4 protein chains.
Amino acid sequence: MSSVGFIGLGNMGLPMSINLATANDSKMDVIAFDANPTALNLAKEAGMRTASSVEEIGASNCSVIITMLPGCQAVDAVTPMLLESCDPNASTLFVDCSTVHPSTSRRWNEELKEKGHTRMDAPVSGGVKGATDGTLTFMVGCDDPATLQHAQPLLDIMGQRSIHCGTAGAGSATKLCNNLALAAQMLGICEAMNLGESLGVDPIVLAQVMNTSTAKSWSCEVNNPHPVVATDRGTGAAANRYEGGFGSKLMQKDLSLAVSAGADAGVALPVGVLSKELYHMATLHGLGDKDFGVMLQFLRGQKP
Amino acid sequence: MSSVGFIGLGNMGLPMSINLATANDSKMDVIAFDANPTALNLAKEAGMRTASSVEEIGASNCSVIITMLPGCQAVDAVTPMLLESCDPNASTLFVDCSTVHPSTSRRWNEELKEKGHTRMDAPVSGGVKGATDGTLTFMVGCDDPATLQHAQPLLDIMGQRSIHCGTAGAGSATKLCNNLALAAQMLGICEAMNLGESLGVDPIVLAQVMNTSTAKSWSCEVNNPHPVVATDRGTGAAANRYEGGFGSKLMQKDLSLAVSAGADAGVALPVGVLSKELYHMATLHGLGDKDFGVMLQFLRGQKP
Amino acid sequence: MSSVGFIGLGNMGLPMSINLATANDSKMDVIAFDANPTALNLAKEAGMRTASSVEEIGASNCSVIITMLPGCQAVDAVTPMLLESCDPNASTLFVDCSTVHPSTSRRWNEELKEKGHTRMDAPVSGGVKGATDGTLTFMVGCDDPATLQHAQPLLDIMGQRSIHCGTAGAGSATKLCNNLALAAQMLGICEAMNLGESLGVDPIVLAQVMNTSTAKSWSCEVNNPHPVVATDRGTGAAANRYEGGFGSKLMQKDLSLAVSAGADAGVALPVGVLSKELYHMATLHGLGDKDFGVMLQFLRGQKP
Amino acid sequence: MSSVGFIGLGNMGLPMSINLATANDSKMDVIAFDANPTALNLAKEAGMRTASSVEEIGASNCSVIITMLPGCQAVDAVTPMLLESCDPNASTLFVDCSTVHPSTSRRWNEELKEKGHTRMDAPVSGGVKGATDGTLTFMVGCDDPATLQHAQPLLDIMGQRSIHCGTAGAGSATKLCNNLALAAQMLGICEAMNLGESLGVDPIVLAQVMNTSTAKSWSCEVNNPHPVVATDRGTGAAANRYEGGFGSKLMQKDLSLAVSAGADAGVALPVGVLSKELYHMATLHGLGDKDFGVMLQFLRGQKP
């Protein structure tokens, strides 16, 4: 495999690219770009080559170009630059790990296919920790399963599991569906923890009961939003004043994509839209950078 | 231990009482009452003595009287009859397994204590299957942990776990909190399954991804509301046209209690109240007896 | 007409009782009580006799006793005191202007009727201004229209209109229905004003268009929640930093009653319950004493 | 003024164009197009010239071209055809009466301006009746007030009022804001009417009280969703089994645009999004063509 391009060195992209460049003495040739010079320096320190523009990545004859960008707008800005700078006969594989609208994935899939390239949407779950540890899950959408096989060695370095969810856009869709369900679960746990504590139930006992009952869920077990429970269990951003987890603002963004996809697809999402507005309100009240479990405090009218 | 009284032989109470009367050749002397003669006959066939009124149970010198009633109104009707017919010097233990408002539990706890009795709220999770198999979980609220120890042998016959959640009312509160969180989780899964399928993701794949990701939950794994997924996994009422599970009407009832308790306690429950109204609407549209996963169909405007 | 008792001298009750005692040189003999000595002094200064307890009012041989209390709990506390202290042969007319649950009205109606008295629920609309100016509207529930005729002279002093809404409880119900609809209207106007302004529409123009279109409503015209519009129109609490209007906390209280009545009556109220939770959240965030138009600011994450 | 082009002869566009062609013996030369031949025939019968394509309208040297199309997609399809077929030196005035996303209006405004044309968004309120009677209100967005003056004679034939709401897009925004507030108002009235009737209040009395109180609104007065009230008042689609009014599906469409604009503008719309989902659900349950007051019946689980 020849060089791999990597564009987008944020909280997720940087550790992912570092794993690519260093894991198992892979000696993989990674050429990276980000508009942020600090991130670019960190990539260089980790042994990557760095580019000074998106177009330089496009012109570098990479067999695979991975993008990890903050949303649809960035993907819509970067992809045309790549298309113009890429060798049209090279049949590059584009792996877009950004969380975007399924229609964005499908649109670029068509356009790239027309130009002779292949593409997959491969958004991830696992957070910064999974990106750092190389334990991400990739939700893959691509028309031909062979495309996934082609990318598998790279995905296996950055993660521990890749699931073919369907044709182009299905990876994006799956990611949004998961986070839609996740938001409802977190909100339900926040409300239940608040209610229980107000009614005199010890939060640790309440979480313990729910974790062995029908309300068992990641939001109760691993990322319980109650500080006392999180501290007791030793896991979850609530133990750390909601620093360092999955931000409310990011949850709002994913919910916006899900709700928009739902409107396009004609699917009623009453709890989803309310979840989105609640995270929107929390963001407007200054909590956008706090882990999405901070909703427990927002619903109480308290600062975290 | 002398005789045990059992009042309320519905879908849950009958198998619970049968387990008491028959499990492990317990030869426990159970005297049962229900206003429904069919249920009473089934109790007799299972070897119980039967009473012709609540008061007859009260007058039977039972050391423990278990109630499994449909709600606060029934508890408020039955408990005074028991109080009047019970020997005031007998110090009977009242075990109320009904799902009621925590304030109902606290109120009767005070009144029974004043009359020299003891009491615990011990609502259950596990459904009809758990009641039949003797694998229920009891969420216990009682002021003195010794009260739970006293009842433990009986609870161990009917269930496999009893958790002391706090003082009187804490068992009721814990049950409501669990179901509040559960409703949000189920609704989130229903919306996610509907959205994913409309966006072209195979429901079985979508459920598989969520079950290994942050949306993992009982409502996705064990009681997935999508018929195709439920059939594939071999578990959940959706495989059986939503027959035989936890009815939408019962979920609505529990949510009403949770929301009312939240209003009393001054706790904001935005997702909880919306969940309650959605189950209310489903019930008004004729789906009250269907498993609460039927929300997936209601949101589609389809009959199950 | 002999003496009139008046219990509850709050923001509403005090000006109402003052009107009774002074309007048109009525020389009506009003005997008043409130637990707050300051309010009681103001009543005395306005020419009323004052009592030192509820029971003293009950024992004063009033032909009519008016109550204006903060809610169901207060009514449930005060009414038995009146019942015990009243002459059982006097056939007193009880006029309850408090906003309470319809079932509270019906319950006390039955009990008072059994004791030979008559009663009406007569909650008001019009706010402190209407109470002061004597321009309130009374929404009356009483089993016999003659009861309203009997009270009419008194109501005509305190207000300008009395509507017989139906039997006992119908006055309470009508008041709750109006405020349920009002909350939805205010929230809709708040969201529309926020949206329009963010999209570059001048708030004054936007309000002007809505006031002559299908969104025309009291919340847009008379109590527009946008400070610029309220100042321009010269009406509404928003012009005065949301001081002095109908408090968010009071709206929350009325919505709680409406939602509880809806649950009892089996009526789905999805927008009503969400409205209640939003006002609940605003109250928890410290805005309970601000006019309910403050929701415009709360939704922006801004302090008024 | 030379010829006027008119594209889109639906329930609204046809009577609007007929008024243009016939009102006051205007003898205005109107050239019309619609893909539906029946509509086109009706236009011809009313004295208009008809075109066989959008491009034919574009090539007809009209000084003004009016579009009344079902939404953004149609506007995005038709406008480029007009742009290509229009004389680039003619400086045509485009009047778009369609209800679209404000960003759609702004985008086309920029593009048309670049090509030397002028444009205004001028969505309407008043419904089919207003279109037929020529009593519509136009909510106008255009960068230069002179543009409105230019179109005023035409708007005055089709309507009775034109309000300059701001720059391009402000007309679209104002329309969406009005309907966002309207939906909340209608839902509030539906819930209040259902609650009141269930609590024993006569619907006619309830509506009468609200119409003279703080819940006074067009949805209560003019389009009351209760059949008994609508019949009694002699106005509103509810009197006619919800036939012939503003369809739930159209309300859902407008709410979708409002919610999408809110997401773009960063405005929280909790009641707006819930309203949208409720109308979406009603549509999925087969009520999309019924007047949006049909929500009263949908919330009851009843067919209209």
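Asn179(A) counts as buried, at 6% relative accessibility; buried means under 20% relative accessible area, exposed over 50%, and partly exposed in between, with a 1.4 Å probe and protein chains only. The model is predicted, so local features need pLDDT of at least 70 and side-chain atom pairs count only at pLDDT 80 or more, while totals for chains, interfaces and linings use all residues. Residues are numbered from 1 along each chain as its sequence is written, chains are lettered from A and ligands numbered from 1 in the order in which they are written, and side-chain values use heavy atoms, with hydrogens and water left out.

**Residues in helix 8**

- Asn179(A) is found in helix 8 of chain A, residues 170-198; helices (H or I, at least four residues) and strands (E, at least two) are DSSP runs numbered from the N terminus.
- Apart from neighbours within four places in sequence, Asn179(A) is in contact with Phe246(A), Met251(A), Asp254(A), Leu255(A) and Thr214(B), where contact means heavy atoms within 4.5 Å.
- Thr174(C) lies in helix 8 of chain C, residues 170-198, and counts as buried at 1% relative accessibility.
- With neighbours within four places in sequence left aside, the contacts of Thr174(C) are Met139(C), Cys165(C), Val201(D), Leu206(D) and Val209(D).

- In chain A, Arg241(A) lies in the loop between helix 11 (227-233) and helix 12 (248-265), and it counts as exposed because its relative accessibility is 58%.
- Arg241(A) touches Lys290(A) and Pro304(A), not counting residues up to four places away in sequence.
- Between Arg241(A) and Pro227(A) there are 7.4 Å in space, C-alpha to C-alpha, and the two are 14 residues apart in sequence.
- Tyr242(A) is also found in the loop between helix 11 and helix 12 of chain A, but Tyr242(A) counts as buried, with 1% relative accessibility.
- The phi angle of Tyr242(A) is near 65°, a positive value in a residue other than glycine.
- In chain B, Arg241(B) has its place in the loop between helix 11 (227-233) and helix 12 (248-265), and at 59% relative accessibility Arg241(B) counts as exposed.
- Phi of Arg241(B) is near 55°, again a positive value in a residue other than glycine.

**Chain A as a whole**

- Chain A has 14 helices and 9 strands.
- Of its 304 residues, 62% are buried.
- The C-alpha trace of chain A spans about 70 × 45 × 35 Å along its principal axes.
- Among contacts in chain A between residues at least 6 apart in sequence, 68% join residues at least 24 apart.

**How the copies are related**

- Chain D is superposed on chain C by a rotation of 180° with 0.0 Å of shift along its axis (RMSD 0.0 Å).
- For this pair, 100% of the contact residues of chain D recur in chain C, and the same surface serves both copies.

Methods:
Least-squares fit on C-alpha atoms with pLDDT ≥ 70 in both.
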